[in-house]
Every structure is written in C-alpha cells, then in structure tokens.
Amino acid sequence: MKKTVVDFRDMKQNEIKISMVTAYDYPMAQSAERAGVDCILVGDSLGMVVLGYESTAPVTMEDMLHHTKPVRRGAGETFVVADLPYLSYTSVKKTLENSAILIQQGGADAVKLEGGRTQVRQVRALSRAGVPVVGHIGLTPQSAAQLGGFKVQGKDLARSLELLEDAKALQEAGAFMIVLEAIPEVLGEIISRSLDIPTIGIGAGRGCDGQVLVLQDLLGLFDRFKPKFSKNYADLGQKVVEALACYNQEVKSHMFPEEKHCFLMDPVIAQELRELIES
Ligand code: KIV
C-alpha cells in the first residue's frame, strides 16, 4: 500500500529506515515498486544520468513532467516525489504553479526543492496550500556552481551550524522530509536527531532516517564519475554492452533471426505467391 507523509514520520519515530531511489521511466518505476522501496524520487539528476547534460541546470519543467508521468504509471502504489527543476521556484507564484503541474498533471505525491532558509517562503506557501514538500540541503546540485563544484558541505563549524539552521527552518516552514546531500556523517546525525521530520541521506552517513541513491549509480549504468557515497549493487552497464555486442554479431553472421522468430505462411499460398511474382 502506498505510504503517506504520516507513515514516513512514524517510520522515523519507530526507527524504521526509509528507502528512496530515483527513477525516470515506467519500467524502472515498476521495478522499484516490485522491490518494495518506500519512495521514488523523479530527480532532476535525470539531466545528467538520462539526458547526458553536464549538470542539472538545463533540466526544464517539460522534462520533469515528461518523466514524472511514466513513473506514476509504473508505480501506482509507491509515494512519488518530483523535483522542481532549476529556476522553477524563484517566486511563490511560480513554485505553486509548477508544483501544481507536477502533481495534477504528472501524478506526483510531493515536490522537492533545493535550499534552506532562502526557500522558507516557498515551502510555507506549498505547505499551506496542502502540497507535501521535501527540502534538500548540503550539496545542492542546482547551485553547485555557487558552491564551487560538487563538494562535501558543512565541514567547518560555521557552515555546519548554517546547515542545521536551514534544516530547522525547513521543518518549521512545513517540509515533511529533508534530503541531506554530501555532508559529514556526524552532521547528518546531529541534524537528523534535531528534527521531528525524517531526513534522507545521500552521502550524509548512517545517522539519517533513510537513504536515497541515484538509480543509474546503483545499477552501474552511469560511469562518467562515481561518487564516493554511492554503491553499485549491479553492473548492468557492462551487461547491456555484452548483450548488444552479441546481437550485433548474430545479425551480421546470419544467426538471428532463427525460424522460431519468424511468421510462417501456408506453403501452398507461399508457392502461389512466388509463382505470381516470378511470372
Ligand atoms: O536529483 C536527484 O536525483 C536528487 C538526489 C541526488 C537526492 O536530488
């Protein structure tokens, strides 16, 4: 049965870890649901791992809607969070309008946006409008350029206190969950303990209330770079290349298709057809 915002809070209280994974299409959403993951994130990471961009900045609302719809169709019984892409939540009005698109047209159950205290107005407006909202702090890929690249955040005292304040402000504004990305384990634990709402870590250590991984990293389907915090549970990239190389070779050597892959015609009709064409 599909989990709810209340279930996620109960899981935190009962110390049951929450599993989240990204997905961007129908078959992978189906697989995630069959595997029993608690929550699917249609992340704007799709810009990098599916669309081949260098960053998440080029991802548009059209992209997010296009990928949220098949995920919803593939995982009807799983809680789906959709990312608000870069520059799609620069005002309260835009935030509400774009969230409405992802929820009403895309079928998402919640939206996620990046940033802490700077996003409090947007988070409060969403929450007041009844939209479940997930925060995202630490390494926030949409502002990676401002952060000096894809770097671990909160390593010094001042920045770690800032991140703690950000997390508290998001909770106070109505976020029901917060993603913590690429921060020291001790900070992940401190933030998680300071909040009533669950934290979902990606490179934020073992003290978070749940974990999220990018699907392509988890399955070994993305090799442009490999984050330290990720874990390969399969090497599908290599398996896909092997399968395609085999197919390529069988086509060229006349091994595929075999008779069992072909549609046969009644031999009498086939003979008539040949004679007709040859006459
Ligand atoms: O876009 C995404 O996949 C994310 C995760 C890295 C949390 O935001």
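In what order do the eight strands close into a barrel? The order is 1-2-3-4-5-6-7-8, and the pairing is parallel. Strands here are DSSP runs of E with at least two residues, helices are runs of H or I with at least four, and both are numbered from the N terminus. Two strands pair if DSSP finds at least two bridges between them. Neighbouring strands of this sheet are turned against each other by 25° on average, direction ignored.

This is a predicted model, in which local features need pLDDT of at least 70, side-chain atom pairs count only at pLDDT 80 or more, and totals for chains, interfaces and linings use all residues. Residues are numbered from 1 along each chain as its sequence is written, and side-chain values use heavy atoms, with hydrogens and water left out.

Pick T22 and then its bridge partner in strand 2, L41.

**Helix 4**

Next, select residues 61–74. Helix 4 has 14 residues and reaches 20 Å from its first C-alpha to its last, close to the 20 Å expected at 1.5 Å a residue (the expected span is 1.5 Å times one less than the number of residues). Because 10 of its 14 residues are buried, helix 4 is largely enclosed by the rest of the structure. Buried means under 20% relative accessible area, exposed over 50%, and partly exposed in between, with a 1.4 Å probe and protein chains only. Among the buried residues are M61, L65 and V71. The buried residues of helix 4 pack against helix 2 (26–35), strand 2, helix 3 (46–49), strand 3 and helix 5.

**Helices 5 and 6**

Show V92, T95, L96 and S99 in helix 5; they meet R121, Q122, A125 and L126 in helix 6. Contact here means heavy atoms within 4.5 Å.

**Loops**

Go to L87, in the loop between strand 3 (79–83) and helix 5 (92–105). L87 has a positive phi of about 65° although it is not a glycine. Most residues other than glycine have a negative phi, and most peptide bonds are trans.

Last, find the loop between helix 11 (236–252) and helix 12 (267–278), where P257 lies. The peptide bond from F256 to P257 is cis, with omega near 5°. H254 is in the loop between helix 11 and helix 12 too, and its phi is positive, about 60°. Is H254 buried or exposed? At 71% relative accessibility, H254 counts as exposed.

Definitions and conventions
Axes fitted to C-alpha atoms, helices over the stretch in contact; angles between N-to-C directions.
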